[in-house]
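Welcome! Try each task before reading its solution.

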Amino acid sequence: MCTRTSPSLRLRSTDTATTVAAFKPEDVIPECDVVITGVPAAAYKMPTSLLKPGVVAVNFASVRNFEPEVKDIASIYVPSVGKVTVSMLQRNLLRLFNYQQ
């Protein structure tokens, strides 16, 4: 989720299992240079207030997950990817799930 290691997000190898679970999206997203959403629900919207200025925002879902104001904050905004890309991702996820069985 984060593209850089800011001091607030650094973990010692011994803290990883307990500390990662303690992070909340509200704590992590403002530190991110890149935010990628992929929630397949029209009701879900990434709050623009959590995004830092200059963020790269990519919507990987079939519906838009960012609020319209993201265009004012993001340095790069990708509003959607192709339906074939989404379909292939879903297919690959199903294959991974089946391989785990």
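**Exercise 1. Find which residue in S2 stands opposite Val-35.**

Step 1. In S2, the residue opposite Val-35 is Ala-57. Strands here are DSSP E runs of at least two residues, while helices are H or I runs of at least four, both numbered from the N terminus.

Step 2. Val-34 has its own counterpart in S2, namely Val-56.

Step 3. S1 (residues 34-37) and S2 (residues 56-59) pair in the parallel sense, over 4 bridges; two strands pair if DSSP finds at least two bridges between them.

A note before going on: this is a predicted model, in which local features need pLDDT of at least 70 and side-chain atom pairs pLDDT 80 or more, whereas totals for chains, interfaces and linings use all residues. Residues are numbered from 1 along each chain as its sequence is written, and side-chain values use heavy atoms, leaving out hydrogens and water.

**Exercise 2. Work out the strand order of the open sheet and name the strands at its edges.**

Step 1. The open sheet has 3 strands in the order S1-S2-S3, with parallel pairing.

Step 2. S1 and S3 (76-78) are the edge strands; each has a single partner strand, so one side of each lacks a neighbour in the sheet.

**Exercise 3. Sort the side chains of S1 by the face they point to.**

Step 1. In a regular strand, side chains alternate between the two faces of the sheet.

Step 2. In S1, Val-35 and Thr-37 point to one face and are buried (under 20% relative accessible area; exposed is over 50%, partly exposed in between, with a 1.4 Å probe and protein chains only).

**Exercise 4. Which residues does Leu-51 touch?**

Step 1. Leaving aside residues up to four places away in sequence, Leu-51 touches Ile-29, Val-35, Met-46, Phe-66, Val-70 and Ile-73. Contact means heavy atoms within 4.5 Å.

**Exercise 5. Locate the salt bridge and say what it ties together.**

Step 1. The count is 1 salt bridge (a side-chain nitrogen of Lys or Arg within 4 Å of a carboxyl oxygen of Asp or Glu).

Step 2. The side chains of Lys-52 and Asp-33 form this bridge, at 2.5 Å from N to O.

Step 3. Lys-52 sits in the loop between S1 and S2, and Asp-33 in the loop between helix H2 (25-28) and S1, so the pair ties together parts 19 residues apart in sequence.

Step 4. Lys-52 is buried at 17% relative accessible area, and Asp-33 is partly exposed at 26%.
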